[in-house]
Amino acid sequence: MRIRNFEDVIAWQKGEELYIGLSKELKYERDLSFKDQIMRACLSITNNIAEGFDRSSDKELRQFLVIARGSCAEVRSMLHIALAANKIHQNEYKQFTGISIEISKLLTGFIGKLATSDKRRETKRD
């Protein structure tokens, strides 16, 4: 399948799924600074994929995908804290952590593919 826009990127789709799921799960969370931070990190995943996709080069796209992957790690860190602080249950922790790990793996693969295509282009120029 050819990726025509950022909405076609599976990692973006999974990021949207993660955001929607967490927003429902934390709907009544009273610690608004915690809720705001984890939701902003989720949005950073999808927004960095989208922004990178609209950049003019694969190098820039790769940079934004790396940032998205970092945001994914931030979400996982916060999920650990949410579980320890009894903000979410074990089942939800496993579900959301699983999605974030899947996103990270997808982003890592995408980053690797872009790096490989850049190396091929450089080799052709030489």
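**Entry 1: the core.** I note at the start that the model is predicted. I looked up the largest nonpolar core and found 30 residues in it. Leu18, Leu22, Ile38, Ile49 and Val75 touch the most other members. Helix 1 (10-25), helix 2 (32-53), helix 3 (58-84) and helix 4 (90-125) each give two or more residues to this core.

**Entry 2: Leu22.** I went to Leu22, which lies in helix 1. Its relative accessibility is 0%, so I list Leu22 as buried. Setting aside neighbours within four places in sequence, I found Leu22 in contact with Ile38, Met39, Cys42, Val75, Leu79 and Phe96. I also checked Leu22 against Ile88: they are 66 residues apart along the chain, and their C-alpha atoms are separated by 9.7 Å.

**Entry 3: Ile38.** With the neighbours within four places again left out, Ile38 is in contact with Leu22, Leu26, Val75, Met78 and Leu79.

**Entry 4: helix 2.** I checked the span of helix 2. I then listed its buried residues: Phe34, Ile38, Met39, Ala41, Cys42, Ser44, Ile45, Thr46, Asn48, Ile49, Ala50 and Gly52.

**Entry 5: Ser44.** I stopped at Ser44 in helix 2. The relative accessible area of Ser44 is 19%, and the cut-off for buried is under 20%, so Ser44 counts as buried. Not counting residues up to four places away in sequence, Ser44 touches Ala68 and Ser71.

**Entry 6: helix 3.** Helix 3 has 27 residues and reaches 39 Å from its first C-alpha to its last, close to the 39 Å expected. Its buried residues are Leu61, Phe64, Leu65, Ala68, Ser71, Cys72, Val75, Arg76, Met78, Leu79 and Ala82.

**Entry 7: cysteines.** How many disulfides are there? I counted 0. Cys42 is in no disulfide; the nearest cysteine sulfur is that of Cys72, 8.0 Å away. A disulfide needs sulfur atoms within 2.5 Å, so the 8.0 Å between Cys72 and Cys42 is too far for a bond. Cys42 is buried at a relative accessible area of 1%, and Cys72 is buried at 0%.

Terms used. Residues are numbered from 1 along each chain as its sequence is written. This is a predicted model: local features need pLDDT of at least 70, side-chain atom pairs count only at pLDDT 80 or more; totals for chains, interfaces and linings use all residues. Side-chain values use heavy atoms; hydrogens and water are left out. A nonpolar core is a set of buried Ala, Val, Leu, Ile, Met, Phe, Trp, Tyr and Cys residues joined through side-chain atoms within 4.5 Å. Buried means under 20% relative accessible area, exposed over 50%, partly exposed in between (1.4 Å probe, protein chains only). Helices (H or I, at least four residues) and strands (E, at least two) are DSSP runs, numbered from the N terminus. Contact means heavy atoms within 4.5 Å. The expected span of a helix is 1.5 Å times one less than its number of residues.
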